[in-house]
Number of protein chains: 2
Amino acid sequence: MATFQLNYYFAVVQRVLGLLLMIFSTSMLVPAVMGFAYGDGESDAFLIGFAVTLTTGTAAWWPVRHVQRELKVRDGFLVVVLFWMVLSLFGAVPLYLAERPDISVTDAVFESVSGLTTTGATVLVGLDTLPHAVLFWRQLLHWMGGMGIIVLAVAVLPMLGVGGMQLYRAETPGPIKDSKLTPRIRETAKALWYLYVSLTALCALVFWLAGMSAFDAVSHGFSAIATGGFSNHDLSLGHHDNPVIELAAIVAMLVGSISFGMHFTVWRSANPLTYWRDSETRTFLIMVLAATTVCVGVLLLSGTYVNVPEAMVKSMFQVVAIGTTTGFTTTDYSVWPTFLPMLLLLGSFVGGCAGSTTGGMKVVRFILLAKQGTREITRLVHPNAEIPIKMGAKVIPDRVIQAVWGFFAVYVTVFTAMFLVLLAAGLSELTAFSAVAASINNLGPGLGEVSSNMAGLPALAKWVLCLAMLLGRLEVFTLLVILTPAFWRH
Amino acid sequence: MATFQLNYYFAVVQRVLGLLLMIFSTSMLVPAVMGFAYGDGESDAFLIGFAVTLTTGTAAWWPVRHVQRELKVRDGFLVVVLFWMVLSLFGAVPLYLAERPDISVTDAVFESVSGLTTTGATVLVGLDTLPHAVLFWRQLLHWMGGMGIIVLAVAVLPMLGVGGMQLYRAETPGPIKDSKLTPRIRETAKALWYLYVSLTALCALVFWLAGMSAFDAVSHGFSAIATGGFSNHDLSLGHHDNPVIELAAIVAMLVGSISFGMHFTVWRSANPLTYWRDSETRTFLIMVLAATTVCVGVLLLSGTYVNVPEAMVKSMFQVVAIGTTTGFTTTDYSVWPTFLPMLLLLGSFVGGCAGSTTGGMKVVRFILLAKQGTREITRLVHPNAEIPIKMGAKVIPDRVIQAVWGFFAVYVTVFTAMFLVLLAAGLSELTAFSAVAASINNLGPGLGEVSSNMAGLPALAKWVLCLAMLLGRLEVFTLLVILTPAFWRH
Ligand SMILES: [K+]
Ligand SMILES: [K+]
């Protein structure tokens, strides 16, 4: 009897996931068609992948298709976690089946997780010679993952209250029916979908006009807006060696790093100054400018570049690419002088704005941490003062501050644990540290031996990094909560 | 008129510091006498140091000797910060004046700061050939610094409310007169002074019975109880190569890592089980045992040691020496396999118990962070539950939790900033990371190029690390608060 109720309870989760898989399967038809169109093969891998995924999705959906219960908060956690896990696994199927690249299960899963979580760390080398179907699939994984994140960050996480994100609950328009998720997700998702598609199309157009091939333009449009970082070239955007493309990519990555809810607001108000009035967006842009200035200064003083405009473009590109956790490169910044590589890598812990496609802990959380830190110092001098913490004119409840602290501590703890495991797997300190950072922050490239790809890592390390990418993408808590006994008690 | 009042206001601070310098100057007579007794010179350096320090102290004290105002909280911050800064500077005078070692001002100050903050990082090599006077002075700096820390941690920080330490305000016995510091400090200091002296004497006696020379026994008694880590030998305690001494040192370091208030309570109750009933002490001991178990396992499995008892003693010694931020070594643990060196180094961020002589963030703060992190995960499943955070039966006020978070964030921020500066000074990632950790946690030895001493670092790095040692010793906030404009506004 208890078992029957449990089955019934999660039937709605099964229905949603079955449907998601069915929709996801159709996306494999795009690379299948590309394989035929370009005539460089691998269509079969994607057709088989499509069939397997569609069949599994249908088999999951069919028995529970009539279940009509509303999704509750607990279901939300499960759907979100399983969305990335299950879709990553099925996304790996065509990569594994493809003859080029000829890779292991571990590598196929790693590449798929890296794609869907918009991390962009790759275990493939010789990208320039791979079939179009495979290359396009990687970029498409980024783009679909990016869409998933936006819905997650704007519509789901605020309702789940993950890491202080309940902050955004009251801000987004629309009816909020206590713990019911579906209407909110549907309404918000539609608006953001149009926005996301339009911005991507615009970005691809600009890349094409700036001189990319149509294939590259669409591919990199996908990975720029999704702040993913996969490229069709081993040299990433350095392949094109074109300052106009680099400047366009800077803008595209910044667009992908700002809350899509904010983009929506700006669109409605038709006033770009609205970006600057938002304290998170403003802080983010100031941080980018400050880091760029430091980079330009160090690069010129050290003689790494002598041409000032070149130093500026290279600096801003790399600051934006790493700071927004996109992970594109135009140069091997890991050999830049002294503290610059670490500064940029640490910048990926901050990431972009909440509600964007970036990874990291998000700018808003760091603003709150900084305000709390400052408040504690002030309190030492004025022990009895009541000092509210504000964002703009709004006082932040203590509950939200506590959630942000909890988030920070758990993030640091999880990071440290995985760092030690990678050391145990035999990686050097710098490689292990940067590989975990590049994965949990959904950044992509690291430093040391993982500055261009992660192909050479042992299998254990790759699986740990898959977990890191998922943890980062799910804002850590969403994944951890379903591992607690309390979650499964009803 | 405003100027006159300001002068008058801080006159009481000047009086206290003048007195402290006068008392401190007399301690230089001990190495001066040793120089004569052992006949290996350098007495002159200490006699001059004595004269300079006494004169300065008297000159500061004399004009304000009749000022009788009570010390307030704000004065407390100043006295505490200046205590370590000013005493460190004067402690460096004899080290600079001595002919052996023949060192720069930077190195003399570094060694003195490292001594007084009980860090134990050294810039001296060839310790075994240095004069007794110099060696003894380094150990004495540790011991006096340790005494200062205990008074700071037990009597001063709780009153100042630094980083959540107001938690201990109500727990220690004695009258608490709102913001008046002096009576409390005097009363508490006396009891702890007896305890500290007795424990040190006991430790020195055991070292002597175990086979150390009387000079070594007293020297290492000083640095063990103060969890300082300076030694008279380049090989540290590895010089003696004696398991009995190593076991005695383990006990002594553990004694130095537990709150001296707790020792006092146990002494009064005459029941050693009282240690185990205290949740901080218990957690600390469990962490030490857990880390030792991991170490023994890895060392045996990797074949680093084949003899089980040897693996156990070496493991426990190094876990305790690094985890308690003492920094003694019996072996070069920095070349232990894979993740062990980093695990121990990261352990130094935790350190020992609040109210002990250890560095790091202290076990109690990590307990609170862990409880808060767990609470946040539970809240995701039960968003409306009221979950108090307790230590034992006592509910911890939100204000204390917030202070601990602020402490953690500021600690991490300051660490990161100094890490980047050391990278800018040209250090490798591992060396820079571990040097800052070893300094801010008042640990001593790091990894990479600073695993045995810091002699080879550039001067800029040494000055930054001096700042790190002081920041760590002053629990960061105490130093930062006097840099805020609010502190100086009246
Ligand atoms: K990325
Ligand atoms: K130490």
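This is a predicted model: local features need pLDDT of at least 70, side-chain atom pairs count only at pLDDT 80 or more; totals for chains, interfaces and linings use all residues.
The buried set comprises B:Ala461, B:Lys462, B:Val464, B:Leu465, B:Cys466, B:Ala468, B:Met469, B:Leu470, B:Leu471, B:Gly472 and B:Arg473. Helix 18 of chain B runs over residues 459-473 and reaches 21 Å from its first C-alpha to its last, close to the 21 Å expected at 1.5 Å a residue. Just after this helix, B:Glu475 takes a positive phi of about 50°, and B:Val476, a residue other than glycine, likewise has a positive phi, near 55°. B:Val476 is placed in the loop between helix 18 and helix 19 (477-481) of chain B, and because its relative accessible area is 0%, below the 20% cut-off, B:Val476 is buried.

In chain A, helix 15 (residues 363-381) is also mostly covered, 14 of its 19 residues being buried. The distance from the first to the last C-alpha of helix 15 of chain A is 28 Å, close to the 27 Å expected at 1.5 Å a residue.

The largest nonpolar core of the model has 343 residues, and those with the most contacts inside it are A:Phe24, A:Met454 and B:Met454. Helix 6 (residues 132-160) of chain A gives the most to this core, with 18 residues, while domain 1 (2-181) and domain 2 (399-488) of chain B each supply at least three residues to it. For A:Met454, the residues touched, not counting those up to four places away in sequence, include A:Phe110, A:Val123, A:Ala435, A:Lys462 and A:Leu465.

The two chains are related by a rotation of 180° with 0.0 Å of shift along its axis, which superposes chain A on chain B with an RMSD of 0.0 Å. This is the relation of a two-fold axis. The same surface serves both copies, since 100% of the contact residues of chain A recur in chain B.

The protein donors of the potassium ion (ligand 1) are the O atoms of A:Thr118, A:Thr119, A:Thr227, A:Gly228, A:Thr325, A:Thr326, A:Asn442 and A:Leu443, lying 2.4 to 2.9 Å from the ion. Along the sequence these donor residues follow the spacing T-T-x107-T-G-x96-T-T-x115-N-L. A:Thr119 lies in the loop between helix 5 (105-116) and helix 6 of chain A, and A:Gly228 in the loop between helix 8 (214-225) and helix 9 (243-257) of chain A, so this pair ties together parts that are 109 residues apart in sequence. Both A:Thr119 and A:Gly228 are buried.

The potassium ion (ligand 2) is coordinated at 2.4 to 2.9 Å by the O atoms of B:Thr118, B:Thr119, B:Thr227, B:Gly228, B:Thr325, B:Thr326, B:Asn442 and B:Leu443, and the donor spacing reads T-T-x107-T-G-x96-T-T-x115-N-L. Within this group, B:Thr227 lies in the loop between helix 8 (214-225) and helix 9 (243-257) of chain B, and B:Thr325 in the loop between helix 13 (308-323) and helix 14 (340-350) of chain B, so the pair ties together parts that are 98 residues apart in sequence. B:Thr227 counts as buried because its relative accessibility is 0%, and B:Thr325 also counts as buried, at 0% relative accessibility.

B:Thr325 is one of the residues touched by B:Gly360, along with B:Ser348, B:Phe349, B:Val350, B:Gly351, B:Tyr411 and B:Asn441, when residues up to four places away in sequence are not counted. B:Gly360 is found in the loop between helix 14 and helix 15 (363-381) of chain B and, at 2% relative accessibility, counts as buried. Its C-alpha atom is separated by 17 Å from that of B:Ile286, a residue 74 places away along the chain.

The loop between helix 13 and helix 14 of chain B also holds B:Thr329, which counts as buried at 17% relative accessibility. Apart from neighbours within four places in sequence, B:Thr329 is in contact with B:Leu235, B:Ser236, B:Leu237, B:Gly238, B:Phe317 and B:Gln318. B:Ser236 is situated in the loop between helix 8 and helix 9 of chain B and is buried, with a relative accessible area of 7%.

Finally, the peptide bond from A:Arg100 to A:Pro101 is cis, with omega near 0°, and A:Pro101 is found in the loop between helix 4 (73-97) and helix 5 of chain A. In chain B, the bond from B:Arg100 to B:Pro101 is cis, with omega near 0°, and B:Pro101 is located in the loop between helix 4 (73-97) and helix 5 (105-116) of that chain.

Methods:
Residues are numbered from 1 along each chain as its sequence is written. Chains are lettered from A and ligands numbered from 1 in the order in which they are written. Side-chain values use heavy atoms; hydrogens and water are left out. A nonpolar core is a set of buried Ala, Val, Leu, Ile, Met, Phe, Trp, Tyr and Cys residues joined through side-chain atoms within 4.5 Å. Buried means under 20% relative accessible area, exposed over 50%, partly exposed in between (1.4 Å probe, protein chains only). Helices (H or I, at least four residues) and strands (E, at least two) are DSSP runs, numbered from the N terminus. Domain bounds come from an automatic or database domain assignment. Contact means heavy atoms within 4.5 Å. The expected span of a helix is 1.5 Å times one less than its number of residues. Donors are N, O and S atoms within 2.8 Å of the metal (3.2 Å for Na, K and Ca); water is not among the atoms, so sites may look incomplete. Copies are superposed by least squares on the C-alpha atoms of residues with pLDDT of at least 70 in both.
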